[in-house]
Amino acid sequence: MEQSGAIADRAEKVVARCKRLASITETPGSTCRTFLSIAMRECYRVVGDWMEAAGAQVTIDAAGNLRGFYSAAQTNAPRLLLGSHLDTVPNAGAYDGVLGVVLAISLLETLEDHKFPFAIEVIGFSEEEGIRFGTPFIGSRALAGKLDNELLNRLDAKGVSVRTAIENFGLKPSEISQAVMNNDSLAYVEFHIEQGPILESLGIPIGIVEGIAGQTRGDFTFLGRANHAGTTPMNLRHDAMSAAAEWILEVEQVARREKGLVATVGRIAATPNVANIIAGQVHLSLDVRHKSNDVRMRAADFLAVRAEEIAHHRGLTVERNILLNQPAVSMDPFLMDQIEQAVGKTAGKTHRLVSGAGHDAMILADKIPAAMIFLRTPGGISHHPSESVSVEDVTKAIECGTHLLTQLAGSAEFQKRMVRA
């Protein structure tokens with residue numbers, strides 16, 4: 001392994017590169033890169049140059065994923081996948097997703113042309129956030145063979161389909177099957193900022209993700225009757241806003257009663273949305289997450305029943321539409337143990353935690369062993385320009401990654417996986 005001073009210099013470089021990519025945006029004055037936008041093309045040019053300089057062969061697959069292949073000591077060796085996503089939310093920070101790609105490239109640079117028994121492929125996924133088309137994980141779904149015609153036909157706000165966006169980027173949707181992971185893919189490891197306060201509260205720079213919480217997302221609409229705010233007595237109202245307010249508090253109370261459960265109403269829209277008119281209709285979002293599928297689904301079902309009861313009591317009706325039922329995903333036990341060893345060598349104290357946010361790792365885990373390493377997020381702030389990481393924590397992450405690669409290269413269990421691949 002390199003000397004600590006050299007690794008610290010690499011960590012400074014990683015942070016600087018993340019900031020450089022944050023300046024590549026489709027929205028002047030803030031960071032925003034959506035699926036196969038003009039800004040993403042420039043992002044690929046810059047990141048691709050870094051991959052090539054690190055000794056990787058760079059390609060872009062038909063789903064727009066940027067892929068850098070670093071060969072093994074021998075030909076036809078299986079490959080270890082490292083990476084994360086390069087798209088962002090609107091008004092984003094500099095590190096969500098991007099850090100995982102840049103850090104993986106830094107690990108290639110530390111090798112200085114040293115070869116392992118396995119190849120390494122660094123992947124910058126084209127889409128994870130679901131901003132442009134309202135559906136997340138387009139990039140990793142392509143690798144998992146789950147990019148179907150229904151998804152390819154989805155439209156953005158301008159009426160452009162995923163399929164057309166791919167064509168406009170100069171890629172061929174007919175070749176998407178070639179983006180699917182080969183049978184020689186051994187595992188996927190993703191570095192990512194925690195996007196939460198747990199590691200910071202424990203004073204730990206890096207953590208081991210043991211699982212990714214399942215998600216239920218849906219829309220609820222309370223339907224009442226709009227009327228004059230000054231002339232309609234309180235006992236004769238069918239106020240959709242009051243029903244929505246009662247239900248929002250119910251959502252909060254249900255989540256507080258169950259350890260580890262989080263439930264959020266993040267969006268609300270009233271109609272007609274006028275100060276002196278009783279709301280006749282209120283549209284709300286619901287987001288429920290937990291590491292247990294049973295707990296999550298039970299809570300979501302209960303909240304649907306409570307919405308019906310609240311509406312009935314107030315003389316309203318309610319409609320619901322479930323948009324996502326993403327099961328919880330466990331990370332690979334062998335990889336978690338290997339990461340824990342690497343973290344122990346690097347940071348001493350180890351901690352396993354569940355990710356409340358979704359990640360590309362949860363999509364690939366359905367096909368190959370997957371694992372994640374979290375970096376402490378100061379203030380727990382993410383999806384915001386003030387999102388940050390410390391150079392010291394990035395240094396620890398590079399050290400951890402270097403230990404992990406060396407361990408896997410010398411692991412009898414991993415050698416067996418390589419033979420099976």
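## A buried threonine in a loop

At 9% relative accessibility, Thr34 counts as buried, a word used here for residues under 20% relative accessible area, with exposed meaning over 50% and partly exposed in between (1.4 Å probe, protein chains only). Thr34 belongs to the loop that runs between helix 1 (4-22) and helix 2 (38-53); helices (H or I, at least four residues) and strands (E, at least two) are DSSP runs, numbered from the N terminus. When its neighbours within four places in sequence are left aside, Thr34 is in contact with Glu26, Met40, Ile131 and Arg132, where contact means heavy atoms within 4.5 Å.

This is a predicted model, in which local features need pLDDT of at least 70 and side-chain atom pairs count only at pLDDT 80 or more, while totals for chains, interfaces and linings use all residues. Residues are numbered from 1 along each chain as its sequence is written, and side-chain values use heavy atoms, with hydrogens and water left out.

## The chain as a whole

The chain contains 13 helices and 16 strands, and of its 421 residues 55% count as buried. For 421 residues a compact globule would have a radius of gyration near 22 Å, and the chain agrees with this at 23 Å; the radius is taken over C-alpha atoms, and the globule rule is 2.2 Å times the number of residues to the power 0.38. Along its principal axes, the C-alpha trace spans about 80 × 45 × 40 Å. Among contacts between residues at least 6 apart in sequence, 77% join residues at least 24 apart.

## Two nonpolar cores

A nonpolar core is a set of buried Ala, Val, Leu, Ile, Met, Phe, Trp, Tyr and Cys residues joined through side-chain atoms within 4.5 Å. The largest one has 106 residues, of which Val47, Leu99, Phe118, Ile120 and Val394 touch the most other members. Helix 3 (residues 98-111) gives the most to this core, with ten residues. Apart from neighbours within four places in sequence, Leu99 is in contact with Val14, Cys18, Ile193, Leu375, Val389 and Val394. A second, separate core has 26 residues, including Phe220, Val282, Leu286 and Ala304.

An α-helix has 3.6 residues a turn, so residues three or four places apart point the same way.

Most residues other than glycine have a negative phi, and most peptide bonds are trans. Leu36, although not a glycine, has a positive phi of about 55°; Leu36 lies in the loop between helix 1 and helix 2 and is buried, with a relative accessible area of 7%. Asn91 also has a positive phi of about 55°, but Asn91 is partly exposed, at 38% relative accessible area. A cis peptide bond, with omega about 10°, joins Thr271 and Pro272, and Pro272 lies in the loop between strand 10 (268-271) and strand 11 (277-278).
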